[in-house]
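Please look over the sequence and the three-dimensional model shown here before reading on. The paragraphs that follow lead through it step by step.

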Amino acid sequence: MIDFNASKAIYVQMADRLCDEILSGRYQENDRIPSVREYAVMLEVNTNTAVKAYELLAREKIVYNKRGLGYFVSPGAKEQILASRRKAFLDVTLPEVFRQMRLLGLDMDCLNEEWKHSTVMNDNKWNQDGTDS
C-alpha cells in the first residue's frame with residue numbers, strides 16, 4: 001500500500017504511480033500493466049478508484065486497452081510523461097522553489113551543495129541495497 005496524500009485525488013495519485021513505474025523502466029512500451037483489480041488489491045483501494053486511474057491514463061494516451069487482454073503501455077508513453085512532468089516542474093514547482101529560496105535567503109550555491117549531497121546519498125543508497133529510493 002502507498003500513503004496517499006489528502007491534497008490530490010487517490011485515482012490521480014494511482015495514475016502518477018503507474019507513470020513513475022513507466023519512467024523507472026518497470027513497464028516498457030506495449031508491456032501489459034497489472035489489471036485494474038490487481039492494482040486495486042496491491043494498493044488496497046476500491047476497484048472503482050483503480051478504474052478511474054486507468055481511464056485517466058487511457059484518455060491521456062499513456063496506456064491502451066486490448067479488450068479481454070488488459071491494459072498496455074502506449075508507444076511513446078515514457079517520453080510523453082517526461083515532457084508533461086518537466087513542463088509542470090518548470091512552470092509550477094521551480095518558481096515556488098525559487099520564491100521560497102528568496103524568502104529564506106538561500107542562493108544557488110546552497111542549492112548546488114544540497115544537490116551534490118543528495119546525489120551522493122542516493123548513489124550510496126543504490127550501492128548498498130540495489131534500489132534507487
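Does Glu-21 count as buried or exposed? With a relative accessibility of 8%, Glu-21 counts as buried, where buried means under 20% relative accessible area, exposed means over 50%, and partly exposed lies in between (1.4 Å probe, protein chains only). The model is a predicted one, in which local features need pLDDT of at least 70 and side-chain atom pairs count only at pLDDT 80 or more, while totals for chains, interfaces and linings use all residues. Residues are numbered from 1 along each chain as its sequence is written, and side-chain values use heavy atoms, with hydrogens and water left out.

Side chains of opposite charge can pair when their charged atoms come close. A search of the whole structure finds eight salt bridges, a salt bridge being a side-chain nitrogen of Lys or Arg within 4 Å of a carboxyl oxygen of Asp or Glu. One of them joins the side chains of Glu-21 and Arg-26, at 3.5 Å from N to O, and a network of salt bridges links Arg-17, Glu-21 and Arg-26.

Another salt bridge brings together the side chains of Arg-85 and Asp-20, at 2.4 Å from N to O. Because Arg-85 lies in helix H4 and Asp-20 in helix H1 (residues 10-23), this pair ties together parts that are 65 residues apart in sequence; helices (H or I, at least four residues) and strands (E, at least two) are DSSP runs, numbered from the N terminus. Arg-85 is partly exposed at 31% relative accessibility, and Asp-20 is partly exposed as well, with a relative accessible area of 39%. In a further salt bridge the side chains of Arg-32 and Glu-38 meet at 3.8 Å, N to O; Arg-32 is partly exposed at 40%, and Glu-38 is partly exposed at 41%.

The aromatic rings come next. Rings of Phe, Tyr and Trp (its six-membered ring) pair if their centres lie within 6.5 Å, and planes under 30 degrees apart count as stacked, over 60 as edge-to-face and the rest as tilted. By this rule the count comes to three aromatic pairs. In one of them, the ring centres of Tyr-39 and Tyr-54 are 6.1 Å apart and the planes stand at 65°, so the pair is edge-to-face. This pair links distant parts of the chain, since Tyr-39 is in helix H2 (residues 36-43) and Tyr-54 in helix H3 (residues 47-59), 15 residues apart. Both Tyr-39 and Tyr-54 are buried.

The rings of Tyr-54 and Tyr-71 also form an edge-to-face pair, because their centres are 5.0 Å apart and their planes are at 75°. Tyr-54 lies in helix H3 and Tyr-71 in strand S2 (residues 70-73), so the pair ties together parts that are 17 residues apart in sequence. Both of these residues, Tyr-54 and Tyr-71, are buried, and ring pairs link Tyr-39, Tyr-54 and Tyr-71 into a cluster.

Two single residues complete the tour. Ser-74, in the loop between S2 and H4, counts as buried at 7% relative accessibility. Not counting residues up to four places away in sequence, Ser-74 touches Glu-29, Lys-61, Ile-62, Val-63 and Tyr-64, where contact means heavy atoms within 4.5 Å. Glu-79, by contrast, has its place in helix H4 (residues 77-104) and is partly exposed, with a relative accessible area of 49%.
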